[in-house]
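Here's a quick briefing to read alongside the structure. Keep the viewer open and follow the topics below.

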Amino acid sequence: MIQCPRGTRDFLPDDMEKRRFYENKLRHTAQTFGFREIETPIFEDAELFILRSGPNVLNELYAFKDKGDRELALRPEMTAPSIRMFVNSMSNDPKPIKIFYFGQCFRYERPQSGRYREFFQFGAELIGSATPETDAEVICLAAAMIKNFGIENYKVHIGHIGVLREAIANAGVPKERTAEVLQKLDKKLYDEARPLLESMNVASNVIDEIFTLTETVGGTEVLSKVPGDAGDYLRQVTDCMHAMGVDNYDIDLGVVRGLDYYTGMVFEVEAPALGAEKQICGGGSYTLSELFGGEKVFSTGFAIGFDRILLAMEKEGHVYEPKGIDAYVLSVTDDMRLKAAEIVSMLRREDISADIDIMGRKMQKAMKYASSVRSKYAVIVGAKEMEEESVTLRDMTSGEQSVVKISELCSKIKG
RNA sequence: GCCCGGAUAGGGUAGCUUGGUUAUCCUAGGGGAUUGUGGAUCCCUUGACUCGGGUUCAAAUCUCGGUCCGGGCCCCA
C-alpha cells in the first residue's frame with residue numbers, strides 16, 4: 001500500500017462536500033465586500049519567493065528544477081504571486097484593486113494538528129490604497145469570514161509594526177539587524193533581546209522604552225500611549241471598524257508577524273482551542289510590488305488558514321451534514337428497469353440530482369442504497385402506477401408516499 | 001531539524017506487561033431470507049497485526065531501523 005506523502009491528505013467525498021461548502025462561504029463573504037477572485041500558478045519562478053526572504057524561508061521551500069533547467073518552487077503563500085499578477089497585468093486598473101484567492105500552498109515543515117505540508121489558504125489583498133479605511137476594510141472582511149463560520153472563541157489582535165520599526169531604528173539598531181530584534185520581541189524573549197540590544201550600544205532606558213511598547217496591550221484606550229502618528233492612525237482604523245460593527249479585538253503592539261514585508265498595521269487572529277498551531281489568520285499592510293519590478297504601491301492583505309479554521313469549528317462542535325441526492329429511482333420489477341432509466345434521465349435533465357440502480361439489485365436492496373446515499377425521495381416505478389402514467393413518490397425522511405403523474409414528478413420533487 | 005507518544009480489516013477496537021492453536025468484538029462492504037418499500041432481525045461471505053531487519057523452536061507481542069500520525073520545540077513568508 002502506498003500512503004499519502006508526509007503532510008498531505010486525501011479528501012473523501014464527505015470531506016470535499018464540507019470543504020466546498022465552507023470555501024464558497026468564504027468566497028461569498030469576500031464578494032459581499034466587493035473583492036473578486038483570482039487564481040495564480042501553483043508553482044512559480046523560485047525567485048519570486050526568495051526575493052524578500054531569509055534562510056528559514058528557503059529551508060521550507062519546495063524548490064526544484066524542471067526539465068528546462070528552470071528554478072521553480074511550489075508556492076508557500078499567495079501574497080507574492082498576487083502582487084506579481086498585479087504588477088504584470090493589473091497595475092493600470094482602477095484603484096483600489098480588491099482581489100481574493102483560495103488554493104493550496106506548500107511548506108516543508110514538520111506536520112502536526114492543523115499544520116500540513118500541503119495546506120489551503122484563503123486570502124485577500126486590497127491594492128493601491130493606504131488609508132485607515134483600507135486597513136479597517138481588510139480587518140472587517142477577515143472578521144466577517146470568521147464570524148460567518150460560527151466560530152465563537154477567537155481573538156483579533158491589532159498592532160503596528162511601523163511603530164516598533166521606528167523605535168528600533170531611532171535606538172540606533174542597524175537596518176539589517178532589525179529583523180533579528182523583532183523576532184525576539186515577537187516571542188517576548190526579553191532576556192535575549194536585552195543583551196542583543198546592549199551589544200548594539202542601545203541605552204538601557206531606551207531598551208526599556210522598546211519593551212514597554214511591545215507590552216502595550218489592551219482596548220482602544222492604550223492608543224494614547226502609542227507614539228508618533230501611528231496612535232492616531234490606528235484610532236482612525238478602529239473608529240472605522242466600530243462604524244462597521246466590528247468591536248471584538250484588542251490592540252497589541254507586540255504583534256510582529258514574523259520577519260516579513262509588513263510596514264504598518266498588522267493583525268492576527270487566534271483560536272485558542274487549537275493548541276500550538278492556533279493562529280488562524282494573519283495580515284497587515286505592506287509594499288511588495290517594487291520588488292517585482294513595479295512601482296511602489298501600498299497594499300493591505302491577509303490570509304486565513306483554511307484547514308485550521310475548519311479544525312477550530314470542529315472543536316467548537318459545529319458538524320456539517322452532507323446533503324445527499326434529491327431522488328433515487330427504483331424499479332419494482334425487472335421489466336420496469338428501462339422505464340426507470342427514462343425517468344431518472346428526465347429528472348437529471350431538469351437539474352434534479354437523481355440516481356438509479358445499475359447493479360441489478362432487487363427493490364429492497366435498492367431502497368437500502370437510496371437510504372445510504374441520503375436520497376430525499378425514492379421514486380418507485382411499478383406496473384400498477386404506470387398504467388396511469390404515474391409513479392410512487394416516497395419521502396425518505398417522513399416515509400410518506402403518494403402516487404404522482406410523471407408529468408408532475410419534477411415539480412413535486414423541486415417542491 | 002530536535003524531544004516524546006502512537007500505528008491491529010474501510011471505520012472503531014481486544015490481545016502486547018508475562019512470545020505459544022484458526023487474532024476478539026462492534027460497525028461497514030458483497031450475497032441471501034422475509035418474494036411491491038430503507039434505516040429491524042437472521043444466515044453466508046469479504047476484510048487487518050504499518051514496512052523491513054534481528055532475537056527465538058515460535059513474534060501482533062521482545063529488539064533495531066524506515067514510513068506515517070499525534071503532543072511539544074524550532075520555524076511559521
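Domain bounds here come from an automatic or database domain assignment. On that basis, chain A splits into domain 1 (13–315) and domain 2 (327–414). Bear in mind that this is a predicted model. The centres of domain 1 and domain 2, taken over C-alpha atoms, sit 52 Å apart.

**Helix pair α6 and α9**

- Helix α6 (residues 161–170) packs with helix α9 (residues 204–214) at an angle of about 175°, and their axes are 10 Å apart.
- Angles over 145 degrees count as roughly antiparallel, so α6 and α9 are roughly antiparallel to each other.
- On the α6 side, the contact is made by V163, L164, A167 and I168, while α9 brings in E209, I210, L213 and T214.
- Sorted by type, the residues of this contact come out as six nonpolar, one polar and one charged.

**The five-stranded sheet**

- Five strands form an open sheet with mixed pairing, in the order β14-β13-β15-β16-β17.
- β14 (354–356) and β17 (401–405) are the edge strands, each pairing on one side only.
- On average, neighbouring strands of this sheet are turned by 30° against each other, direction ignored.
- Strand β13 (residues 327–331) pairs with β14 in the parallel sense over three bridges, and V329 stands opposite I356 in β14.

**Helices packed on the sheet**

- Helix α12 (residues 337–349) packs on the sheet and touches β13, β14, β15 (377–381) and β16 (390–395).
- The direction of α12 makes about 165° with that of β13.
- Helix α15 (residues 406–414) also packs on the sheet, touching β13, β15, β16 and β17.
- The direction of α15 makes about 125° with that of β17.

Notes:
Residues are numbered from 1 along each chain as its sequence is written. Chains are lettered from A and ligands numbered from 1 in the order in which they are written. This is a predicted model: local features need pLDDT of at least 70, side-chain atom pairs count only at pLDDT 80 or more; totals for chains, interfaces and linings use all residues. Axes are lines fitted to C-alpha atoms, for helices over the stretch in contact, and angles run from 0 to 180 degrees between N-to-C directions. Helices (H or I, at least four residues) and strands (E, at least two) are DSSP runs, numbered from the N terminus. Angles under 35 degrees count as roughly parallel, over 145 as roughly antiparallel, 65 to 115 as roughly perpendicular and the rest as oblique. Two residues are in contact if their C-beta atoms, placed from the backbone, lie within 7 Å. Ala, Val, Leu, Ile, Met, Phe, Trp, Tyr, Cys and Pro count as nonpolar, Asp, Glu, Lys and Arg as charged, and the others, Gly among them, as polar. Two strands pair if DSSP finds at least two bridges between them.
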